[in-house]
Amino acid sequence: MSYKPRSLFSLLEDINRSLFLPHIQRPFVWEEEQMLRLFDSLMRNYPIQTFLLWRTKDEIKARRFMDQIEWDADLSDYYEPNISKLGNEKVFVLDGQQRFQTLFAVFKGSVTLEDGSRAEAYFDVTSGDRVSPDGLLYAMTFSATPRALPWFRVADLLGKHSVRNAEEIADDINEALDVEGTVVAQPLSQEERRGREKRVRRNMSQLVSLLREEKSFWVQQLDGVANQYPYQTVLDIFVRVNSGGTKLDASDLMFAAMKEGWDEIEEAIEDTTELLNGTNLQFDKTFPLKCLLVVNGAGAEASSEKFTGEAGKALLASMKNGWDRAETAFQELRDFLKNDLKVYADKVIRSYNSFIPLFDYFYFNPKPNELSRALMRGYYYKAQLFGWYSQSTDTIVNALHGVVGRACLGGFPMTEVKQYFGTRGYATRLLEEQINATRLRFIVLNLVYVDKMGTSPFDVKFKGNEPHVDHIYPRHALLTKLGLSSPEVNTIGNYRFVGATDNIRKRAEMPASYFARLKQNGAPIEKHLLLEEFSKDPATLKFDAETYRTFRDLRAQEIWNVCNRTVNPEVGGEAANAAGT
């Protein structure tokens, strides 16, 4: 293993000639801000860590660096079949892709702006005397059009200035700035001019030094041509060097280990994640991977080590062979989320891992009947309301695999699921007094609106108009005018959902006039009030303590009725109705 300094010029010359990315590398993910910070660090002479390379003649799919960075690139466009062949020598970047691609774009390439235009790096050669609000001392930007001095086109160091020294370039820049300074309204003072000239000379000296001297970039290379560095060893090294910090998440590391045996796995998982997020949810790529691990008996723990050795090959083969079945189960899960649960927001989900057992059940029991679906809805709400997945989630998922991860001839095994969580000390049956818990009000209200309206109130057309919890009888008026206590006012019987913009318009309007106006405009106020006698005639919503308490208590009872039959379907709720009893 060699460890030596390299000039940036030599590294840039190697890119896409002998230096490539292996297929196990993820896409380029840095934002422009991170690219600017790398440049700033180099100009400050900060260390930027060692690059880890691997020289090999093995048959490994090689990917080119992007001449023009695209933040949503199709990686298949960048593979080099001839370079990838067995016997062709190449050097792969195992650690440092983001830094290499950034340096390539800054000094030799470009980036793609939001409007699709090609933009090159320009450096303010007079910067370095003050720190910007973003914490940067040296200013760089990407521009699609040529910039005038003091902005210097960085790529010119490899173009028209490639054989000039830093002093010559700096002198030319200072002379040009002096000429420009004679025509401005307020020319620099003698002291300001000397300071600017000094910064220009220092900045150009640093840029040229970075590019041409062997001091700032250290490379550690695994020589798989002269020595034994088989792919599995290199893969293990890759996983380990990328497992620290926040460079790669669990899914990235697993993809790295899986791609050798299943090239299409990452694309398949990304498509699945996008499918699941079709209702504005926030599933990440780790979720479908954990689902696949569970149904293949490998446990929910997301670890790349599961795909090493002969056992890893067998696991990957099993996952690949069962993908069609898994894809169908993911589609069924997505339809269940959208059509049965009508889940459209993070606020009503306390744990995404609670969906893994549902996938597990769909995988082994496709197209469940309505009785099972009612029990599955009950399971979902119990899991959210009782915090079943608040800790040790992988342990719980693994245990439930033994319950739901099989052909269940009797339908969804709610009894066994409840027994498991009961032995862990969790509640398994919703009680009436529990629906008033403040932390559960979003879930409870969403459940009621889904039941009454057939859709989620979070399924809104305009971002920013997501529902807020609103008091039907204005809180402040109840407290100050009727003298009621907070527990009497802040209760589920007086809560409803209302769009954010409507909530602003409503303010403290009394319920009789507010709901009369809505009813006149054709709004289905019965979906909010839940009580027929008040919905027929909103004028009955009088503002006095007796009327308020009657309304609140009757409405709370109706909310409980909805929650009880949905959350406790196994005790006379939805499941009983579905079974026809």
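Tutor: Happy to. Glu274 has its place in helix H9, and we are looking at a predicted model.

Student: Which element gives the most to the negative patch?

Tutor: That is H9, with 3 residues.

Student: Let's turn to another helix. How do you know that the length of helix H6 agrees with what its residues should span?

Tutor: Helix H6 covers residues 190-212, which is 23 residues. The expected span is 1.5 Å times one less than the number of residues. For H6 that gives 33 Å, and the end C-alpha atoms are 33 Å apart, so the two agree.

Student: Which residues of H6 are buried?

Tutor: Among them are Arg196, Glu197, Arg199, Val200, Asn203 and Met204. Further along H6, the buried residues include Gln206, Leu207, Val208, Ser209, Leu210 and Leu211.

Student: Now the charged pairs. Why is the contact between Glu13 and Arg17 called a salt bridge?

Tutor: The cut-off is a side-chain nitrogen of Lys or Arg within 4 Å of a carboxyl oxygen of Asp or Glu. Between Glu13 and Arg17 the N to O distance is 3.3 Å, so the pair meets the definition of a salt bridge. As background, side chains of opposite charge can pair when their charged atoms come close. The structure holds 39 salt bridges.

Student: Are the two partners buried, partly exposed or exposed?

Tutor: Glu13, which lies in helix H1 (residues 8-14), has 24% relative accessibility and therefore counts as partly exposed. Arg17 has a relative accessible area of 60%, so Arg17 is exposed.

Student: What makes Arg55 and Asp223 a salt bridge?

Tutor: Their side chains meet at 2.7 Å, N to O, and the definition asks for a distance within 4 Å, so the pair qualifies. This pair links distant parts of the chain: Arg55 sits in strand S3 (residues 51-56) and Asp223 in strand S11 (residues 217-223), 168 residues apart. Asp223 has a relative accessible area of 17%, and buried means under 20%, so Asp223 is buried.

Student: How do you know that Lys382 and Glu570 tie together separate parts of the sequence?

Tutor: Their side chains meet in a salt bridge of 3.1 Å, N to O. Lys382 lies in helix H14 (residues 370-385), while Glu570 is in the loop between helix H24 (545-567) and helix H25 (574-579), so the pair ties together parts that are 188 residues apart in sequence. Lys382 has 0% relative accessibility and so counts as buried, whereas Glu570, with 26%, is partly exposed.

Student: Which residues are linked in a network of salt bridges?

Tutor: Arg118, Glu120, Arg153 and Asp156.

Student: I'd like to look at the backbone too. Where is there a cis peptide bond?

Tutor: A cis peptide bond joins Leu149 and Pro150, with omega at about 15°. Pro150 has its place in the loop between strand S9 (140-143) and strand S10 (151-153).

Student: Which phi value goes with Lys367?

Tutor: Lys367 has a positive phi of about 50° although it is not a glycine. Lys367 lies in the loop between helix H13 (356-364) and H14. With a relative accessible area of 73%, Lys367 is exposed, since exposed means over 50%.

Student: One more: why is Ser7 called buried?

Tutor: Ser7 has a relative accessible area of 7%, and the limit for buried is under 20%, so the label holds. Ser7 is in the loop between strand S1 (2-6) and H1. Ser7 and Phe217 are 210 residues apart in sequence and 6.5 Å apart in space, C-alpha to C-alpha.

Key:
Residues are numbered from 1 along each chain as its sequence is written. This is a predicted model: local features need pLDDT of at least 70, side-chain atom pairs count only at pLDDT 80 or more; totals for chains, interfaces and linings use all residues. Side-chain values use heavy atoms; hydrogens and water are left out. Helices (H or I, at least four residues) and strands (E, at least two) are DSSP runs, numbered from the N terminus. Buried means under 20% relative accessible area, exposed over 50%, partly exposed in between (1.4 Å probe, protein chains only).
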